[in-house]
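The following paragraphs go through some side-chain contacts of one protein chain. Please keep the sequence and the model in view while reading.

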Amino acid sequence: MELAQPQSNAAVTIRRHMIPSPNSQPYICVPGPDGQLWFCESGASSIGRLNVSDHTFAEFKLPIANATPIGIAAGADGNLWFCAKKANKVGRIGVRGEIALFDLPTPNAGPDGILGGPDGNVWFSETDASQIGRITPAGVVTEFREGITPASRPLSIASRDGALWFSEAAGNRVGRITVDGRVTEYPIPSHDSQPRAMAAHPDGSIWFVETSTNALGRIDRDGAITEHPVVTPDASLRGVCVAPDGDLWFTANQANKIGRMKPNGAVVGEYPIPTPNAGARCICAWPDGRLFFTAFDGGFIGEVIPT
């Protein structure tokens, strides 16, 4: 891979919205069915909600201390579903804050990434067990292990072509699982790339961060993978999303920046986060062009306004 050079660096505005709970350690954030931003507070054992219009917060405490919620996603049933990693449970929360928790069959499975699937169920990664799980709206859990490389540590999940795709952080692969549990794996060209967050693109590809390789990866409809380096060395990429115009936006944890890449792999901007050591993790796009990201170390939700 050749070192990327930014083609432009148009200004953006980055705003900070402090989460009320101390040590909240926000992780994954998603648009909710109510039009607000929902996120996991891994340090506060809570689910948070940010009103994206008036920037007020609501926080919903989980009934288990130190549950460590990580991933969250909207389900087809109008609720949000989340992974409580240390509690070894998948949770459901309604937009009014009512919470239900569901046990996983495998002990210490380490549920992490989660996504509403094309079949109306919710799919999630069991990182510590190297499995993929499925939970119905009624809370019935099925786990899939066959075909997944042992100790590969699946993390993020994206949906495409009626199937679920997942990153294997320790397996250096991208996996695909059909809704009936058949798995195919695709090796990433760079060694030990450490793939993490994923995002489906309207052109049919899926993009993902390669934390160790310092690049964004792209897997096309046929399973071919290309890798696109970012500008700042050792940036520690963590999150990626697709904006309404098709551009990729990503978080750079160590570099303390938000980046922007064209679908052709050209980096067009890397923007410093005003707060030092924010610990940027997840990033998600809003229909009006804004972006929101979680600041794990800073305890806030960041808002990016392109200009």
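How many salt bridges does the structure hold? The model, which is predicted, has 14 of them.

One of these salt bridges joins Asp103 to Lys89, with 2.1 Å between the closest N and O atoms. Asp103 has a relative accessible area of 53% and is exposed, because the cut-off for exposed is over 50%. Lys89 has 16% and counts as buried, because that value is under 20%.

Arg260 is part of strand S24 (residues 257-261), while Asp245 sits in the loop between strand S22 (237-242) and strand S23 (248-252), so the bridge ties together parts 15 residues apart in sequence. Arg260 is buried, at 18% relative accessible area.

Asp247 makes a salt bridge with Lys262, and here the closest N and O atoms are 3.1 Å apart. Asp247 is in the loop between S22 and S23, and Lys262 is in the loop between S24 and strand S25 (267-272); the two residues are 15 apart. Asp247 is buried with a relative accessible area of 2%, whereas Lys262 is partly exposed at 32%. Through shared partners, salt bridges join Asp245, Asp247, Arg260 and Lys262 into one network.

The aromatic rings come next. The structure holds nine aromatic pairs. Among them is the pair of Trp165 and Tyr186, which is stacked, with 5.5 Å centre to centre and 20° between the planes. Trp165 lies in strand S15 (residues 163-168) and Tyr186 in strand S17 (residues 183-187), so the pair ties together parts that are 21 residues apart in sequence. Trp165 is buried at 1% relative accessibility, and Tyr186 is buried at 19%.

Why is the pair of Trp249 and Tyr271 stacked? Their ring centres are 5.9 Å apart and their planes are at 25°, and planes under 30 degrees apart count as stacked. Trp249 is in strand S23 and Tyr271 in strand S25, so this pair ties together parts 22 residues apart in sequence. Trp249 counts as buried at 1% relative accessibility, as does Tyr271 at 6%.

Charges also sit over rings. The charged end of Arg160 is over the ring of Trp165, 4.1 Å from its centre. Arg16 lies over the face of Phe300, at 5.9 Å from the ring centre.

Key: Residues numbered from 1 in each chain as written. Predicted model: local features only at pLDDT ≥ 70, side-chain atom pairs only at ≥ 80, totals over all residues. Heavy atoms only, no water. Salt bridge = Lys/Arg side-chain N within 4 Å of Asp/Glu carboxyl O. Buried < 20%, exposed > 50% of the residue type's maximum accessible area, 1.4 Å probe, protein only. Helix = DSSP H or I, 4+ residues; strand = E, 2+ residues; numbered from the N terminus. Phe/Tyr/Trp six-rings, centres within 6.5 Å; stacked < 30°, edge-to-face > 60°. Lys NZ or Arg CZ within 6 Å of the ring centre and 35° of its normal.
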